[in-house]
Amino acid sequence: MNYEFNLEEWLLRCPLTENYGHYHGEAITSPCDLCNNEWLRREIRDQFDWGEPVPMDVFVHSIGEPENRFATKIGGLPYRPAELPWPTTREGRSMALIAQFNFSNSRDIVGDLPGDLLLIFGDDADGPIEPLHFEWQPLGLSNLVSELPGDQMPISPCFGHRCRTVSYPNATYRDDSPGKDPQCQGTDVWSSYWLLQYQATQIGRAPFFIQDGDEDMPGVPLCTIASVQPDPHKTFPWVNHPEPLCPEDEWRSGDGELMIGDLGCIFVFIDDDGRLHADESCY
């Protein structure tokens, strides 16, 4: 099973706050990102025709390696037998675990799959993280790999806490006046597109697609790997880290968190024959 995230409990910990005189939708890494978006959805509900909701499992992250090795995660140690040969690039470099998805809590939204966990490996030596190596693994493995190769792409590990929510792929804003933003408590809401469909590491059929054409892959969406970018100035940048990462007047350069292009995503699709297809997209 995955670690769970109690949204209603976290909404009390992470109240809605303005940022530089406005509100805005967030790409999701941390609890405060998800709570911000959920608060804003509630505040602007009457300003949209939402359409049919699509269930999604969105993940917010804790920093570090999980005790539960089969949790959904980014980077670090994969859930795979130690005796399996490590995947490598054509040039012989060891691939890194980009992401690991545990679908055991999500069967109701994705149906039957070839395995319980999907492991996705890749390398960015040539720029984009491609080609990707996919592996399905069952639950119940023993003698798991305990160390990483020394020549792989460095990614700081983090692991996900699952939140069942919904996406609104057919939502429309009722006021189509040029330049008109939704309003929250009399204040503009910027980047409201991130409130209709979430940009997050997630499982489900209706993620936020960054570029036109991202959805034109064979099959249907299965899962999405999102760049990891915790806000360094907010509380709870990680589920297991309540304090801001740096003072308001300082910035951090990051600690090796996964960045896909410019705050991008990798979208994974599955076709009728169970084949996986992936596309990297960024801003």
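Guide: Let us start with Glu 65, which counts as partly exposed because its relative accessibility is 34%. Here, buried means under 20% relative accessible area, exposed means over 50%, and partly exposed lies in between (1.4 Å probe, protein chains only). Please keep in mind that this is a predicted model, where local features need pLDDT of at least 70 and side-chain atom pairs count only at pLDDT 80 or more, while totals for chains, interfaces and linings use all residues. Residues are numbered from 1 along each chain as its sequence is written, and side-chain values use heavy atoms, leaving out hydrogens and water.

Now look at the partner of Glu 65: its side chain meets that of Lys 73 in a salt bridge, 2.6 Å from N to O. A salt bridge here is a side-chain nitrogen of Lys or Arg within 4 Å of a carboxyl oxygen of Asp or Glu. Lys 73 has a relative accessibility of 1%, so this residue counts as buried. Lys 73 is thus buried, whereas Glu 65 is partly exposed.

The structure holds 17 salt bridges, so let us visit another. Arg 13 pairs with Glu 9, their closest N and O atoms being 2.7 Å apart. Both residues sit in helix H1 (residues 7-13), four residues apart, which is about one turn of the helix. Helices are DSSP runs of H or I with at least four residues, strands are runs of E with at least two, and both are numbered from the N terminus. Arg 13 counts as partly exposed because its relative accessibility is 39%, and Glu 9 is partly exposed too, with a relative accessible area of 37%.

Next, find Arg 252, which forms a salt bridge with Asp 255; the closest N and O atoms are 2.7 Å apart. Arg 252 is partly exposed at 26% relative accessibility, while Asp 255, at 55%, counts as exposed. Salt bridges can also share partners: in this way Glu 4, Asp 57, Asp 108, Arg 162 and Arg 164 are joined into one network.

Asp 124 lies in the loop between strand S7 (117-122) and strand S8 (133-137). With a relative accessibility of 31%, Asp 124 counts as partly exposed.
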